[in-house]
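Biologist: Could you walk me through this fold? Let's start with the sheet.

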Amino acid sequence: MILVFTALVLALPALKVGDRAPTFVLKNQDGQEIRFEDQLGDGPVVVFVYHKGTYRRDKRMLKGFRFYKKQFIAQNAKVFGVSANSEAKTAKTKSKYNLKYDLLSDPEHTVKALWGIKRKGTHQEARTTFVFSPTGELRYVYKSESWTKTHARKALSAVKKINKKEKIAIADEEEEMDGIMTIFEDEAAEQWDDEVDVTEEDRRDTARMLEELANEEDGTKVKTAKKSKNTKEKKETSEL
């Protein structure tokens, strides 16, 4: 309680890349206490801050992290969503959108004060995504109130860079890429079609994400093919 009170009275400056995040303790949708520092050590940790979960931009944010959940798992990353909603509301949001990650309740705005993410001109938190290394160092931060559908993709990209730099073991890349399109095509159909608020714009966004994933996969295959060709040509040249 002392930590929360102090945080509310003396809001800290916004976190910058390279900073170590002040820790916090919040309850998830099931009433279980989640201590930030306890989540560190195994892999990257992603924390995204949204508003109510009922606003359209919040829905896009929540769905984006759900859409990429298997890739975050493959990258050994933990994902948490934070809002000022009560535990009951976070539980309702998680159930409604079939989310596979924890939503944390922060009615006292502790994270906003500790991490310095006040929305300009309001008392709300700014929609922000943080990506931390396994040691708790902030490696990437993305703040956008409008392009909320991009938060998850940018966070995933940052997670991959952290894993590459830290040499963290992840799921076999070839196996992951082979199954990725089937996984997301099936989930996209299920996730969008069973929701009453789905729009044509949502469907276009999903189609665009699938197309980008396909392009990423094709790019990986082309890069591998070129590497093999260059290796072969180099070998033939040396033999001459």
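Biologist: In what order do the seven strands sit in the open sheet?

Modeller: Keep in mind that this is a predicted model, where local features need pLDDT of at least 70, side-chain atom pairs count only at pLDDT 80 or more, and totals for chains, interfaces and linings use all residues. Residues are numbered from 1 along each chain as its sequence is written, and side-chain values use heavy atoms, with hydrogens and water left out. Strands here are DSSP runs of E, at least two residues, and helices are runs of H or I, at least four, numbered from the N terminus. The pairing is mixed, and the order reads β2-β1-β5-β4-β3-β6-β7.

Biologist: Which residue in β2 is the bridge partner of K27?

Modeller: Strand β1 (residues 25-28) pairs with β2 in the antiparallel sense, over three bridges. In β2, K27's partner is E33.

Biologist: What angle does helix α6 make with β6?

Modeller: Helix α6 (residues 151-166) packs on the sheet and touches β3, β6 and β7, a contact being heavy atoms within 4.5 Å. Axes are lines fitted to C-alpha atoms, for helices over the stretch in contact, and angles run from 0 to 180 degrees between N-to-C directions. Against β6, the direction of α6 makes about 10°.

Conventions. Two strands pair if DSSP finds at least two bridges between them.
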